[in-house]
Amino acid sequence: MEKLLTGKVISVNGPIVKSVGLSGIRMYDIAEVGPDRLIGEVIRLAEEIAIIQVYEDNTGLKPGDEVISYGRPLSVLLGPGLIASIYDGIQRPLVGISEACGSYIRKGIKLSPLNAKAKWNFKPLVSSGAKVGEGALVGEVQESPLVLHRLLVPPGVSGTLTRIAPAGSYTIEEPIYLIDTDAGAYEGKLAAYWPVRRPRPSKTRKKPFIPLVTGQRVIDTFFPIARGGTAAIPGGFGTGKTMTQHALAKWCNADIIVYIGCGERGNEMTDVLTDFPKLIDERNGRPLIERTVMIANTSNMPVPAREVSIYTGVTIAEYYRDMGYSVAVMADSTSRWAEALRELASRLGDMPAEEGFPPYLATRLAEFYERAGLVETLSGKDGDITIIGAVSPPGGDFSEPVTQHTSRFVRCFWALDKTLADARHYPSISWIDSYTEYLSDIEDWWKNLDPQWLTTRNEVMNILLEDHRLEQVVKLVGSDALPPAEQYILFCAESVKNAFLQQNSFDPQDKFCSPEKQLRILASLLLLYKKGLEQVRAGVSVKEIAALEEASRLVRLKSEISNQDIGKIDEYMNRLEQKLASLSAPSKGA
Amino acid sequence: MSAEIEYTNLSGIAGPLIFVDGIRGVGYGDIVEIRDASGELRTGQTLEVDEQRAVVQVYEGTSGLSVKGTRVTFVGRALEIPVDRDMLGRVYDGLGRPIDGAPQVITDRMMNVNGLPINPWSREYPRDFIQTGISAIDGMNTLIRGQKLPIFSGSGMPHNRIAAQIARQARILTAEEEFTVIFAAMGVKFDVARFFIDSLEESGVLTHSAIFLSLADSPSIERLVTPRTALTLAEYLAFEEGMHVLVILTDMTNYCEALRELSSSRGEIPSRKGYPGYLYSDLASVYERAGRLKGGKGSITQVPILTMPSDDISHPVPDLTGYITEGQIVLERALFNKGIYPPIAGLPSLSRLMKDGIGEGRTRKDHGQVAAQLFASYAKVKRIRALAAIVGEEELSDLDKVYLKFGTAFEEIFLRQDYEENRSIEQTLDIGWRMLSLLPRDELYRIAREDIQKYYMPEAASA
């Protein structure tokens with residue numbers, strides 16, 4: 001099966017290497033280049049020339065140097081031990097690299113992505129003689145206290161199980177089971193390879209219907225995303241894309257998080273690495289790292305590996321989806337990935353389309369986001385992947401190609417606003433420019449908590465929209481020129497912004513807001529608005545309402561009342577209602 | 001080795017590039033020695049190699065080179081410079097060769113100027129507060145040891161003075177360690193370089209500083225190596241000698257222009273404003289060479305300076321820089337015109353590492369909330385000023401007028417300070433509270449109640 005092909009380098013232009021002599025090599029096969037055996041991938045074939053993109057620094061590479069290939073596609077190794085690991089773009093373990101060569105990443109280093117010596121406690125769940133199809137559950141391993149790793153028959157394999165290992169500890173290299181298939185015997189181990197560029201198959205795709213609860217109020221209430229959905233976070237620098245991604249990775253209720261740091265800052269990955277082992281998930285009392293896999297290909301690491309990093313990440317996500325888990329993929333940032341694509345396209349001499357990006361940018365983006373979804377897996381369980389991609393538009397201009405194309409393929413768009421970020425209003429998700437298409441899909445889930453959910457949400461949203469309209473007027477004439485009822489809307493909108501939309505991800509009470517608490521705060525705001533407006537119409541001044549201790553207390557509910565104590569918000573609402581009712585207008589007749 | 005063959009005659013020269021034909025065994029990124037007809041030596045590097053031809057960039061420029069009579073030798077390794085503690089207190093050119101008349105430092109330690117990417121796993125997250133003595137920075141955009149925090153400026157604004165003030169005043173509260181300053185100048189004028197050298201000399205830090213100059217009259221291509229040479233020495237001093245190094249790079253806009261020039265000579269497809277598509281990755285390979293390492297003692301803190309062409313922050317150079325660096329200090333023309341020094345813009349400035357380097361045990365418990373409140377309140381001032389420009393100040397509500405008063409005080413008392421004035425973080429925060437105390441108590445919604453109790457002092461503010 002494995003035939004060694006050899007060829008030689010004929011030209012080097014940055015990471016793009018042309019070679020001849022690799023007859024019979026296929027697209028996307030791995031080629032090892034030069035005396036250091038640098039890892040590359042065949043990305044184009046033209047007669048006898050194979051064009052290879054090299055995933056490592058290739059200075060010193062000469063025409064005439066040897067190229068070899070085993071004719072295998074670029075793959076990731078999937079098995080127990082992925083959780084809590086950190087990899088570079090081509091799944092080399094960064095911890096292993098640092099043990100092998102110190103603080104810097106040297107070239108030509110080859111390490112197995114998974115620890116081959118670690119023993120895993122395997123429990124068989126079928127007995128030999130059973131008929132097993134692709135995706136059938138064979139056994140399980142407790143990978144981390146949070147993740148039960150299900151060993152499934154790989155796609156494309158089915159037949160009779162002729163042997164299965166008894167319960168016990170095994171490494172990823174020991175044989176676990178044997179299947180007699182039409183094409184011969186298949187020997188299964190705890191880990192297996194899968195090509196990064198090929199999506200893992202599933203039975204059927206389904207329509208998403210459960211929200212991904214993120215604990216971020218502006219997202220959950222106003223612009224929710226469903227499990228299995230896609231979202232983009234576009235924003236200029238300094239608007240808080242990474243902060244938002246971190247908050248989602250920390251608090252969203254997915255089972256597994258795959259965090260891809262694609263062409264971003266080294267220190268940000270270090271932040272995740274130092275934070276996640278310490279942060280405790282409220283829902284299960286375990287450190288967040290026990291459900292997280294990290295891919296870090298920072299901006300100063302080789303550009304081609306950045307291009308492949310998002311595929312590495314999403315393939316790992318699909319592997320856990322197939323076990324029946326809900327997986328969230330954070331890709332920060334897809335613009336850096338698109339730039340890597342542009343850089344490589346330019347070195348290949350491809351004809352540029354908009355702003356130098358290659359014409360296939362849109363297709364590649366679509367293919368990537370299409371790997372999200374709620375599916376019935378081959379094993380029959382439901383599993384889903386939610387993809388949340390950050391976009392970094394140059395100059396914060398959303399009309400640029402990556403933002404524009406991305407917005408066509410995602411159904412949730414969380415636009416970050418520079419003005420909000422400047423005022424340190426985080427998350428700086430604009431309530432005017434953002435949108436979601438999942439509202440109707442997930443409405444039923446929220447209705448279980450509160451039958452009035454959508455109406456309440458829309459009413460509060462209307463306050464914000466009305467405020468936005470009035471702001472245009474205020475810019476011209478000042479707020480004092482507005483009638484009292486409209487001034488009151490401005491006041492209420494300000495309360496919504498400060499008490500609800502703005503959220504401090506470092507405040508212990510505020511960092512994660514449960515859906516129930518969100519509903520209560522929302523109800524308080526609506527109470528303030530409705531009852532207050534009645535009073536304003538009856539002649540009470542806006543100032544009097546604003547001066548109420550209860551009205552200014554509203555801003556502090558989020559940080560002073562915990563998710564467990566939400567009964568206190570009900571008490572607060574009673575007081576607010578009484579206080580509002582106790583205000584009376586100066587009697588006109590007297 | 002075949003790499004030591006000397007080739008005569010070039011097949012072409014274009015801008016800073018030369019083309020050499022009929023070569024064999026030349027590596028990508030190899031260093032090239034070029035001798036013109038008079039025997040003068042220049043250094044270059046291969047950018048592209050195939051079986052017959054190499055494309056070479058010449059750091060000293062191609063002026064005076066001829067197709068005939070030029071001799072080329074491929075050295076067969078990447079550009080390296082000597083590194084040693086004794087290199088401090090000296091002045092070098094962009095390629096690391098002494099230009100102060102004294103001989104080259106003798107050492108056998110050579111390092112590749114391109115460095116290697118730091119493994120994110122091996123980084124230590126920066127947390128140590130650096131007190132610069134400048135309120136706008138310490139109070140609202142805190143500099144952290146190991147951070148890369150650029151100054152976005154415009155022509156004519158005092159970015160050099162601010163950088164010099166930082167270099168002079170920067171210190172760590174928890175330790176009595178001094179900074180080693182490495183200064184790299186790319187394409188700036190001689191007087192700018194002189195100003196820095198004099199300023200370092202006056203404050204007595206010149207003896208433990210190293211200065212790399214590639215001035216405006218040097219070939220533009222040399223600017224591409226200058227920051228890398230400087231950072232190579234910085235990495236050696238920080239990660240092998242355990243020193244704390246402050247690297248000032250000025251002006252990164254000139255660096256990017258040299259890169260654009262090179263890219264266009266190679267006939268590459270341009271992206272925005274003619275800059276190459278890989279400008280982001282290239283800048284990252286410079287800026288990411290900052291930080292701290294696990295288990296290591298030293299650190300590299302970078303303060304790159306760049307001028308924004310026509311003060312446009314969306315220009316590719318500041319834009320891509322902002323995406324890589326951990327925040328930015330933005331200078332504002334309007335404040336500068338009001339005569340306020342330092343004219344550090346309140347809103348667009350940001351320090352991303354601030355949150356973890358301040359607070360109880362590092363600066364003061366109320367620091368984070370005071371900064372957040374100052375930002376939020378000053379943002380409101382900006383909105384009210386825009387409104388006042390249309391309706392007139394008289395028409396504003398009473399509360400809006402209070403905000404305007406706060407805005408002026410913030411600029412004149414908090415932001416404004418003297419070039420020689422070194423404020424402690426306590427002083428900075430106290431001034432911040434004096435400003436906030438001008439506002440009604442209820443407006444301080446970003447601050448915890450107990451801190452308001454402790455520090456809010458409306459009487460003192462109005463006094």
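Chain A is divided into domain 1 (5-73), domain 2 (115-190), domain 3 (204-439) and domain 4 (450-582), with bounds that come from an automatic or database domain assignment. The structure is a predicted model, in which local features need pLDDT of at least 70 and side-chain atom pairs count only at pLDDT 80 or more, while totals for chains, interfaces and linings use all residues. Residues are numbered from 1 along each chain as its sequence is written, and chains are lettered from A and ligands numbered from 1 in the order in which they are written. Taken over C-alpha atoms, the centres of domain 2 and domain 4 of chain A are separated by 56 Å.

Helix α11 (residues 453-477) and helix α13 (residues 515-537) of chain A pack with their axes 10 Å apart and at an angle of about 55°; helices are DSSP runs (H or I, at least four residues) and strands likewise (E, at least two), numbered from the N terminus. Axes are lines fitted to C-alpha atoms, for helices over the stretch in contact, and angles run from 0 to 180 degrees between N-to-C directions. α11(A) and α13(A) are therefore oblique to each other (under 35 degrees counts as roughly parallel, over 145 as roughly antiparallel, 65 to 115 as roughly perpendicular and the rest as oblique). On the α11(A) side, A:T456, A:E459, A:V460 and A:I463 meet A:L522, A:A523, A:L525, A:L526 and A:Y529 of α13(A), contact requiring C-beta atoms, placed from the backbone, to lie within 7 Å. The residues of this contact comprise seven nonpolar, one polar and one charged (Ala, Val, Leu, Ile, Met, Phe, Trp, Tyr, Cys and Pro count as nonpolar, Asp, Glu, Lys and Arg as charged, and the others, Gly among them, as polar).

Chain B is divided into domain 1 (2-77), domain 2 (81-357) and domain 3 (367-462). The C-alpha centres of domains 2 and 3 of chain B lie 32 Å apart, and 18 residues of domain 2 of chain B are in contact with 21 residues of domain 3 of chain B. On the domain 2 side, α1(B) provides the largest share, five residues.

The contact between the chains takes 60 residues from chain A and 58 residues from chain B. On the side of chain A that touches chain B, α4(A) gives the most, with seven residues; by class, this side has 23 nonpolar, 25 polar and 12 charged residues. β1(A) pairs with strand β5 (residues 41-50) of chain B in the antiparallel sense over three bridges, pairing requiring at least two DSSP bridges between the strands. The bridge partner of A:N13 in β5(B) is B:E48.

Methods. Contact = placed C-beta atoms within 7 Å.
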